[in-house]
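Reader: Before I rely on any label attached to this model, I would like to hear the rule behind it. Could we take the terms one at a time?

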Amino acid sequence: MRPRKIFLSLILALVLLVSGGLYFYGQKMVDPNQGKGTIRVGSKDFTESSVVAEVYALALEDKGYKVERKANISSSLIHNSLVHDEIDLYPEYTGTGLLSILGKPMETNPKKVYQTVKTDYQKKFKLTWLDYAQANDGQGLVIRTSVAKKYGITTISDLQKEAKNLRFASQGEFDQRQDGLAGLEKAYGKFDWKSSQVYDNTLKYRVLENGDADVTPAYTTEGQLAQTDKFTLLKDDKSFWPPYNLAPVVRDQILEKYPEVGPILNQVTATLTTKKVTQLNAKVDVQKEDYQKVAKDYYQSIKK
């Protein structure tokens, strides 16, 4: 081929490339990212949701998707944001879906809870629950580790037997709620505390660490619980509380348009244990690291 023809061929290839196609000597080549659009990833307004949503976003970006982040949506609004097509997915909890969104009776079997929310969300909202994680951000009771060792307390049944020796740091309404102390006493028997005083929820770990109380309500993946030398999360040995397993909830239209989104997110979810999520929360809430850095470091550690 003459130099002039070679030059003209190169110019033609460049024009075709700029106009939106990839060609090589007249043959169209496949763009590996062709057809991958933008996915809007939402998160609730607390650390754990922000970190997990960011890990999901990074995993999608790594596979060629553009991600629009919609952070810090109120817990009371985020479900409607998904239903009304303002976001495409977000990390949710099975117990929240069961009790708060669907208004179903309390159930403590994780598989039954998941199957209920998966089935009903599909019928009512055209939303899909992908695989749920082992990570469970439910309710629990935490005790100072030194006190737990002194009395041999590892379960809530153990705690009930030793309540007369322990000071309870309540958050007020917890004492009356059926999913709080009132319900616990139906399952475990009366907790005859040595003393009970109401504290603000934000102060509970400081109160325990300062030795002003021995036991307090908690959520089971709070970052402070990574400090096992100070705090011990007690086993709910009678399975009183419902499970709050993490899982991404996604609009059906997204999964129909981009079928690989499900496997991408499921691969991330499979790595999320209660211990791991607690450690991620601790890096943000205790060690004061930026949540985006924490998410990026974690994604790099699980990336395949």
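Author: What follows sets some values from the structure against the definitions that name them.

Author: This is a predicted model, in which local features need pLDDT of at least 70 and side-chain atom pairs count only at pLDDT 80 or more, while totals for chains, interfaces and linings use all residues. Residues are numbered from 1 along each chain as its sequence is written, and side-chain values use heavy atoms, with hydrogens and water left out.

Reader: What makes β8 and β9 a pair, and which way do they run?

Author: Two strands pair if DSSP finds at least two bridges between them, strands being DSSP runs of E with at least two residues and helices runs of H or I with at least four, numbered from the N terminus. Four bridges join β8 (residues 167-170) to β9 (residues 195-198), so by the rule of at least two bridges they pair. The two strands run parallel, and Phe168 stands opposite Ser196 in β9.

Reader: Which hand does the β-α-β unit of β8, α8 and β9 have?

Author: The unit, whose helix α8 covers residues 181-188, is right-handed; that word applies if, with the strands pointing away from the viewer, the path from the first strand over the helix to the second runs clockwise.

Reader: Why does Asp85 count as partly exposed, and why does Lys288 count as exposed?

Author: Buried means under 20% relative accessible area, exposed over 50%, and partly exposed in between, with a 1.4 Å probe and protein chains only. Asp85 has 37% relative accessibility and therefore counts as partly exposed, whereas Lys288, at 66%, counts as exposed. Asp85 lies in the loop between α3 (78-83) and β5 (89-93), and its phi is near 65 degrees, a positive value in a residue other than glycine. Lys288 lies in the loop between α12 (274-285) and α13 (291-302), and the phi of Lys288 is also positive, near 65 degrees.

Reader: How many cavities of 30 Å³ or more are there, and what makes them cavities?

Author: There are two. On a 1 Å grid over the protein atoms alone, a cavity is a set of points where a 1.4 Å probe fits but cannot get out, and lining residues have an atom within 4 Å of a point. Grid points are joined across faces, edges and corners, and a volume is the space filled by probe spheres set on the points. The largest cavity holds about 120 Å³, and α11 (261-269) gives the largest share of its lining, three residues. The second largest cavity holds about 70 Å³.

How values were computed:
On a 1 Å grid over the protein atoms alone, a cavity is a set of points where a 1.4 Å probe fits but cannot get out, and a pocket is an open set with protein on both sides within 12 Å along at least five of seven lines; lining residues have an atom within 4 Å of a point.
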